[in-house]
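Hello,

Here is the structure I promised to hand over. Have a look at it, then read on for a short tour of what turned up.

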Amino acid sequence: MESNKKLFDFKNHNLRVFLAFLVVTALISFLIKLTKTYTESANVALSYVNLPEGKIIQQASTQEAVVRMRAQGYYFLRFSMWSPTFEIDLSEVRNQSGNRYYYLLEENLDRMDTRLKGIEPLSMQPDTLWFTLDELVTKKLPVASRIELDFASGYDRTGEIELVPDSLFVSGPRGLMDTLEAIPTKQLQQEEVRSALQGSLDIDTTGFGPHVSAEVYTLNYTVQVDKFTEAEAKVPVELINVPEDQQLKIFPKEVRVKYRVAVEQYNTILANNFKVVCDFEEADTEGSFMIPRVVSAPEGIQDYRVLENRIQYILVK
């Protein structure tokens, strides 16, 4: 039994020695490789700095370059762990024509030496970077609400949706800014609305690309809501554009105007708040009638319309 134990201990000792030998051998081999010189290619990220004042990068041909370089294995190991970024000085770009600019990477390999200590850069691909640089402009744009409300039966808003601020200073490339007429909000939907709403809402610049910025990105909204009812007013008809040498008699002389109004505003609406006219220049002379139109109505009412479709007339000689 004791002899078996000694044999087992002897085998374990030999195994440990063998494993230690393998580790040392591998380490020595690894260190030898680190001292050898290699030529390899690797991707390097590009960052763009020193953009000329008043300019914006609308498009860059690439965000990285392939660098062919020579160095000892140790430096390649450090490179793989460090992943350096190569800065492109845009103050040195050259203009080809219009908004088209270029930068020669091959001419600036020496600058890369300072960032790749111990590594000798041999070449870069692509050898030329291309840019579209546009003029950076700022423009004040109105905010376009994308608030969609579905009101409960009998309810509606009593005025326009209030946005604060209702306009913003927005910056971006001139080519895009010249086409923008408003800056939209993100979409907001509410159903069965029966009371006033207020809250905050972000603007939406996702459709304009990454080069558009605004002075603020969040605004406040308010929607006043009330219960509505239908009402009716009798309004006298006024004639316009009747020749001085002609006289007309019309029937009816008054028309009914039907409208929707907030309950709280119901008692404030009077017949003389409306103005209904018939334009003799638009008269149907064969049928001897005119179409009455509401040309003035009080604020706050909705869906107003004249119930009488025609006003008959006769010429008085």
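**A three-stranded sheet**

Three strands form an open sheet in the order E19-E25-E22, and their pairing is antiparallel. At its edges are strand E19 (247-251) and strand E22 (289-290), each of which pairs on one side only. Strands here (E, at least two residues) are DSSP runs, numbered from the N terminus, and two strands pair if DSSP finds at least two bridges between them. E22 and strand E25 (residues 311-316) are joined by two bridges in the antiparallel sense. In one of these strands, E25, glutamine 312 is the bridge partner of phenylalanine 289.

Before going further, please keep in mind that this is a predicted model: local features need pLDDT of at least 70, side-chain atom pairs count only at pLDDT 80 or more, and totals for chains, interfaces and linings use all residues. Residues are numbered from 1 along each chain as its sequence is written, and side-chain values use heavy atoms, with hydrogens and water left out.

**Around isoleucine 240**

Next, please find isoleucine 240, which lies in strand E18 (residues 225-240).

Leaving aside neighbours within four places in sequence, isoleucine 240 is in contact (heavy atoms within 4.5 Å) with Val277, Cys278, Asp279 and Phe280. Aspartate 279 is 39 residues away from isoleucine 240 in sequence, yet their C-alpha atoms are 5.1 Å apart in space.

Asparagine 241 sits in the loop between E18 and E19. Its phi is positive, about 60°, although asparagine 241 is not a glycine. With 38% relative accessibility, asparagine 241 counts as partly exposed.

**Other loops to visit**

Asparagine 50 also has a positive phi, near 55°, in a residue other than glycine. You will find asparagine 50 in the loop between strand E1 (37-49) and strand E2 (55-60), where its relative accessible area of 47% makes it partly exposed.

Where are the cis peptide bonds to look at? One runs from valine 164 to proline 165, with omega near -5°. Proline 165 belongs to the loop between strand E11 (162-164) and strand E12 (167-173). Another cis peptide bond joins phenylalanine 251 and proline 252, with omega about -5°. Proline 252 is in the loop between E19 and strand E20 (254-262).

Methods:
Helices (H or I, at least four residues) and strands (E, at least two) are DSSP runs, numbered from the N terminus. Buried means under 20% relative accessible area, exposed over 50%, partly exposed in between (1.4 Å probe, protein chains only).
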